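I opened the model and kept notes as I went. The entries follow in the order in which I looked things up.

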Amino acid sequence: MRDLEENRARLDYAVRLAKVGFWYCDLPFDVMQWDSQVRQHFWITSDAKITIDTFFDRLHPEDRERVREAIERSIELRIPFDIDYRTVDPFSGRIKWLRALGGSTYADDGNPIRFDGVTVDITTHKLAEETLRETDRRKDEFLALLAHELRNPLAPLVTGLQVMRRAAGDPLTVAKTREMMDRQLGHMVRLIDDLLDISRINRNNLELRRETLPLADVIAHAVETVRPAIDSAGHDLTISLPQEPILIHADVTRLAQVFANLLGNSAKYTEHGGKIWL
């Protein structure tokens, strides 16, 4: 007898630790019997009488019909009741996620006479799932952005190789082209570093390397990136900069990306032979 009492005490402790709540109701639905844990799951702190209306009132509005259908299906088809749903505190609006497991008991004539089961608070689990989904979404957006940005430096690099082949006897042109290609390669290396840094991907965070430099340099870097697209579309690009140099404290690569994307979209969506002004 003592062993039975000790085992029962251990079981009660385990149930409390797992925050499992027990409930049952005679059918057709009447007063619902909830233990203290289920009452906490449904934000009810008093010993007030619980009915099926109380149950549905405390469910999240978006879950009510889904839960109602699951209950009816479980009773009618004699299948387990197994569903996740949200309960809402009517005072604070706070939400709990619950997992409900249960089923029906039937009389000899086949009529359902009782519906009972358990609820478990799975809010922490659901929040962790949501965090993982958000991290995965950020990663997908981050990778899509980098894939787009990695394509941008390729066109000027290809153009640069063509220019160097045609201007093999012109050291000045070759030198200028090589400098441009060096900048574009540095841009690609920077993007690949971002791609390989998984921690930044998960944080959806780009590293900024700020320096003081003329705005004109940023514009020049952006233009050389999109120049092949502009020329191939036959566009006329006009750039107007203030006469006095404007110094900015910024990340030249990131800011050049912004201008290059704007100019690239202009080149893409302007009719052939159009005019682009910056």
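Where is Leu278 found? I placed Leu278 in the segment after β9 (275-277). Strands here are DSSP runs of E of at least two residues, helices are runs of H or I of at least four, and both are numbered from the N terminus.

Notes on the source. The model is predicted, so I keep in mind that local features need pLDDT of at least 70 and side-chain atom pairs pLDDT 80 or more, while totals for chains, interfaces and linings use all residues. Residues are numbered from 1 along each chain as its sequence is written, and side-chain values use heavy atoms, with hydrogens and water left out.

Entry: Leu278. Leu278 counts as partly exposed because its relative accessibility is 28%. The cut-offs are under 20% relative accessible area for buried, over 50% for exposed and partly exposed in between, with a 1.4 Å probe and protein chains only. I then checked a contact in space. Leu278 and Ser240 lie 38 residues apart in sequence, yet their C-alpha atoms are 6.2 Å apart.

Entry: the nonpolar core. I took a core as a set of buried Ala, Val, Leu, Ile, Met, Phe, Trp, Tyr and Cys residues joined through side-chain atoms within 4.5 Å. The largest one has 23 residues. Those that touch the most other members are Trp34, Phe42, Phe55, Val67, Ile71, Phe81 and Tyr85. Elements that give two or more residues to this core are β1 (20-26), β2 (32-34), α3 (52-57), α4 (64-77), β3 (81-88) and β4 (95-106). The largest share, four residues, is from α4.

Entry: aromatic rings. I searched the whole structure and found ten aromatic pairs. Rings of Phe, Tyr and Trp (its six-membered ring) pair if their centres lie within 6.5 Å; planes under 30 degrees apart are stacked, over 60 edge-to-face and the rest tilted. Phe55 and Phe56 are an edge-to-face pair, 5.0 Å centre to centre with 75 degrees between the planes. Both are buried. Ring pairs join Trp34, Phe42, Phe55, Phe56 and Tyr85 into a cluster.

Entry: Is Trp43 buried or exposed? Trp43 is buried, because its relative accessible area is 14%. I found Trp43 in the loop between α2 (36-41) and α3. Its phi is near 60 degrees, a positive value in a residue other than glycine. The charged end of Lys96 sits over the Trp43 ring, 4.4 Å from its centre. For this, NZ of Lys or CZ of Arg must be within 6 Å of the ring centre and within 35 degrees of the ring normal. Lys126 lies over the face of Trp97, 4.6 Å from the ring centre.

Entry: backbone. Most residues other than glycine have a negative phi, and most peptide bonds are trans. I noted Arg78, in the loop between α4 and β3, with phi near 60 degrees. The peptide bond from Leu27 to Pro28 is cis, with omega near 0 degrees. Pro28 is in the loop between β1 and β2.
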